[in-house]
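Welcome! Please have a look at it first, and then read on.

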Amino acid sequence: MILERSPGGRMPADACFLQACIMEAGDGEYVETGVYGGDSLVFVGLVKRFLGHTGKIYGIEKDASRKKKIESTLALYNINAEVIYKSSFPFPLPDLRPVVAYIDGDHTFEGASADWRSLSPITQRFLVCHDYHINPGPTKMIDEVAKADPAWRYVGCSRFTAVFERSDDTVYVGRAIWTTKTEDG
Ligand SMILES: C[S@@+](CC[C@H](N)C(=O)[O-])C[C@H]1O[C@@H](n2cnc3c(N)ncnc32)[C@H](O)[C@@H]1O
């Protein structure tokens, strides 16, 4: 049911990919840049609720005039998410270690690249980027920045959603520092 008519009219294939990342990553925090009406937050909230996850859900939205709409959408589905009304760059939650992060904020090449640079060092498992193939800024960022980042493996894309998984040979060892695993782990 969620996939047939997900909030925001999300393309089913895109919803499938985001849902698969949430499921595969397991419980933990989620963050997205660009909330707009709160639809993707609701979608993720419903998936995490279904899975019994308790990891907190965060959104970062620079347009504070969206607050009323976002709050009413979240309330409609009884989703508990914290929305920070600031630009995603500089990144306002530097101590967060989300298992999944979703980039869907500033759609310029520079903006999407800034989001990638903020989220690449701190995201533990999946980095999901929207607007692939439909928007030149995110598309260029995915092709030239994300795919060139050695810490990440390009998994593939659905209609408009590109998925990256942290490379198996990297492990978090401290604030925003990832290193190659050694023989003794
Ligand atoms: C495509 S909409 C997000 C849609 C939402 N993720 C969904 O699927 O329901 C993009 C949003 O990003 C916001 N945005 C643009 N630049 C931003 C920035 N630098 N930081 C945070 N939000 C930003 C816009 O105000 C807009 O609400």
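Predicted model: local features only at pLDDT ≥ 70, side-chain atom pairs only at ≥ 80, totals over all residues.

**Helix α1**
- Helix α1 has 14 residues and spans 20 Å from its first C-alpha to its last, close to the 20 Å expected at 1.5 Å a residue.
- Its buried residues are Asp14, Ala15, Phe17, Leu18, Gln19, Cys21, Ile22 and Ala25.
- The cover over the buried residues of α1 includes α2, β4 (100–103), β5 (126–129) and β7 (162–166).

**How α1 meets α2**
- The axes of α1 (residues 12–25) and α2 (residues 39–51) come within 10 Å and cross at roughly 45°, which makes α1 oblique to α2.
- The crossing of α1 past α2 is right-handed.
- On the α1 side, the contact is made by Ala15, Leu18, Gln19, Ile22 and Met23, and on the α2 side by Phe43, Val44, Val47, Lys48 and Leu51.
- Sorted by class, this contact of α1 with α2 has 8 nonpolar, 1 polar and 1 charged residues.

**A look at Ile142**
- You can find Ile142 in helix α5 (residues 136–146).
- Ile142 counts as buried because 23 other C-beta atoms lie within 10 Å, and the cut-off is 20 or more.
- Leaving aside residues up to four places away in sequence, Ile142 touches Cys129, Tyr132, Lys147 and Ala162.
- Ile142 and Trp116 are 26 residues apart along the chain, and their C-alpha atoms are separated by 9.0 Å.

Key: Residues numbered from 1 in each chain as written. Axes fitted to C-alpha atoms, helices over the stretch in contact; angles between N-to-C directions. Helix = DSSP H or I, 4+ residues; strand = E, 2+ residues; numbered from the N terminus. Parallel < 35°, antiparallel > 145°, perpendicular 65-115°, else oblique. Left-handed = near helix turned anticlockwise from the far one by under 90°. Contact = placed C-beta atoms within 7 Å. Nonpolar A, V, L, I, M, F, W, Y, C, P; charged D, E, K, R; others polar. Expected span 1.5 Å × (residues − 1). Buried ≥ 20, exposed ≤ 12 C-beta atoms within 10 Å, placed from the backbone.
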